[in-house]
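Here is a short briefing for a first look at this structure. Keep the sequence and the 3D view open while reading.

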Amino acid sequence: MINLITIKNYVVPQTVEEAYGYLTSNKASTIFGGGAFIRMGSKNISTAIDLSKCGLNNITESDDSIEIGAMVTFGDLESSTILKNHFNNLLAISVKDIVGIQMRNIVTVGGTVYSRYGFSDFITALMVLDAKVKLHKGGLVPIELFITDGSKEKDILEYITIKKDNRRASFKSMRNSKGDYAILNIAVSKKENMCIAVGARPGRAILAKKTMEYINENGINLDNLEEALDVLTEEVKFGSNSRGSSQYREKICRTLIKRALKEADCLEA
Amino acid sequence: MKLNARINGIKVSLEISPDEFLVDTLRRNGYLGVKQGCDTGTCGVCTIHVDGKAVLSCVLLSAKVEGREITTIEGVQNEAKVIGKYLVDEGVDQCGYCSSGTIMSILYLEKSIANPTDEEILHYLNGNLCRCTGYTGQLRAIKKYMEGKYNENCKQ
């Protein structure tokens with residue numbers, strides 16, 4: 001079999017600081033999450049850094065927040081009893097249609113979020129929560145800022161922290177077949193204010209800020225829903241790729257948002 | 001580099017390269033029940049358990065399982081025989097290439113959910129592609145297998 005990636009050294013540091021030392025010592029050093037997506041590409045890696053022993057494998061809960069370690073797998077998210085009790089189980093629902101459970105038991109939170117994949121379902125869900133990523137050197141960065149700008153320099157994502165603010169939420173995606181990449185995904189949440197994210201456009205997930213502003217000013221009900229969706233499709237840029245055209249994405253976006261608003265009980269009478 | 005792990009309850013020390021995937025390591029060392037299919041994490045024929053969790057051995061670097069407990073279909077022969085019979089009885093063994101991965105997923109489902117609904121069964125089998133059967137027969141076989149186990153437990 002031909003290996004599309006090559007790795008010269010494989011290291012398993014015991015601390016994040018040690019991992020950071022490996023990462024910055026050589027340009028071709030790479031942090032490995034699950035390694036599932038790296039496997040699909042072609043890359044010469046001098047040192048593969050495995051964070052398994054750095055204590056980043058847990059989902060924990062305090063009085064006001066939830067912390068998800070970078071090495072937590074999507075399978076862990078799906079079976080977490082902590083996440084089940086928050087945001088209408090938004091995070092577990094967002095990952096449940098990704099390939100199969102055997103893949104989700106490999107894919108990691110850190111690998112996905114640090115890589116800021118456009119196709120990610122999990123990132124779209126995180127965007128509608130009060131979430132921050134904790135970078136080893138860069139500190140705490142709001143999720144939206146991180147997804148837009150990434151990290152200024154090579155860094156290590158340690159964990160994601162999410163404020164427990166009891167918001168209602170819903171995630172929806174459209175796929176050609178079960179387990180395929182999403183053609184489009186969206187998430188909505190509501191506490192005092194409405195939050196809407198659109199991802200797999202196919203570009204990275206973004207917040208629909210003008211639409212959020214419109215809804216926060218005018219409220220949202222069946223009478224002004226279409227007008228709100230017009231604001232959304234005007235502001236969000238949809239692209240075309242082999243999975244779908246921009247026009248198709250725009251159409252299904254409207255439907256998915258409607259369904260999510262209904263599911264999260266966000267439509268006023 | 002060396003990989004030290006337990007495979008089917010036996011301690012092993014295998015020579016691996018840092019960029020080798022687990023399916024290649026296992027097959028090279030005689031665990032031929034682990035099938036190789038898409039090599040891109042799509043088809044599920046290479047499914048094994050690592051520390052009790054179902055994973056795809058074609059996307060997992062061998063180096064990642066250092067010190068861990070690996071179970072292949074060779075390690076669950078009795079259970080596989082029982083499930084295999086249900087698959088055969090429902091006519092869903094046909095080419096048989098996906099069967100070992102599917103059986104590993106069924107065992108993981110059994111461990112994860114006590115009385116799975118049809119939806120949950122299909123959800124857990126989503127990562128195992130089968131070109132022969134169309135999945136309806138598999139669902140039938142799994143339900144009968146689960147019912148059989150349930151009835152057996154009731155008798156005991």
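Strands β6 (residues 131–135) and β7 (residues 139–142) of chain A run antiparallel and are joined by four bridges. The model shown is predicted.

**The hairpin in chain A**

- β6(A) and β7(A) make a hairpin, with three residues between the two strands.
- Leu135(A) faces Gly139(A), which belongs to β7(A).

**The three-stranded sheet in chain A**

- Three strands build an open sheet with parallel pairing, in the order β1-β3-β2 (chain A).
- β1 (5–11) and β2 (30–32) of chain A are its edge strands, and each pairs on one side only.
- On average, neighbouring strands here are turned by 40° against each other, direction ignored.
- β2(A) runs parallel to β3 (residues 43–50) of chain A, and three bridges join them.
- Ile31(A) has Ile49(A) in β3(A) as its bridge partner.
- Helix α1 (residues 16–25) of chain A lies across β1, β2 and β3 of chain A. Its direction is at about 165° to β3(A).

**The four-stranded sheet in chain A**

- Another open sheet has four strands in the order β9-β10-β11-β12 (chain A), and its pairing is antiparallel.
- β9 (168–175) and β12 (206–207) of chain A stand at the edges with a single partner strand each, so one side of each has no neighbour in the sheet.
- β11 (residues 194–199) of chain A pairs with β12(A) over two bridges, in the antiparallel sense.
- Val198(A) stands opposite Ile206(A), a residue of β12(A).
- Two helices lie across strands of this sheet.
- Helix α9 (residues 209–218) of chain A lies across β11 and β12 of chain A, at about 155° to β11(A).
- Helix α11 (residues 246–263) of chain A lies across β9, β10 (182–190) and β11 of chain A, at about 35° to β10(A).

**Annotated regions of chain A**

- An unreviewed UniProt entry annotates residues 169–264 of chain A as "domain: CO dehydrogenase flavoprotein C-terminal".
- Across residues 169–264 of chain A, the chain is 41% helix and 25% strand. The end C-alpha atoms of this stretch are 5 Å apart.
- The UniProt annotation "coiled-coil region", also from an unreviewed entry, covers residues 215–242 of chain A.
- Across residues 215–242 of chain A, the chain is 54% helix and 0% strand. Here the end C-alpha atoms are 33 Å apart.

**Where chains A and B meet**

- The contact takes 24 residues from chain A and 24 residues from chain B.
- On the side of chain B that touches chain A, strand β4 (residues 53–56) of chain B gives the most, with four residues.
- By class, that side of chain B has 10 nonpolar, nine polar and five charged residues.

**A helix of chain B and its cover**

- Helix α4 (residues 118–125) of chain B has buried residues Ile121(B), Tyr124(B) and Leu125(B).
- Seen down the axis of α4(B), the buried residues fall within an arc of 100°, so they line one face of the helix.
- An α-helix has 3.6 residues a turn, so residues three or four places apart point the same way.
- The cover over the buried residues of α4(B) includes α5 (101–104) of chain A. It also includes α3 (99–112) and α5 (136–155) of chain B.

Methods: Residues are numbered from 1 along each chain as its sequence is written. Chains are lettered from A and ligands numbered from 1 in the order in which they are written. This is a predicted model: local features need pLDDT of at least 70, side-chain atom pairs count only at pLDDT 80 or more; totals for chains, interfaces and linings use all residues. A residue is buried if 20 or more other C-beta atoms lie within 10 Å of its own, exposed if 12 or fewer, and partly exposed in between; C-beta atoms are placed from the backbone. The arc is that of the directions from the helix axis to the C-beta atoms. Two residues are in contact if their C-beta atoms, placed from the backbone, lie within 7 Å. Ala, Val, Leu, Ile, Met, Phe, Trp, Tyr, Cys and Pro count as nonpolar, Asp, Glu, Lys and Arg as charged, and the others, Gly among them, as polar. Two strands pair if DSSP finds at least two bridges between them. Axes are lines fitted to C-alpha atoms, for helices over the stretch in contact, and angles run from 0 to 180 degrees between N-to-C directions. UniProt positions are given in the numbering used here, feature names are shortened, and annotations may be inferred rather than shown by experiment.
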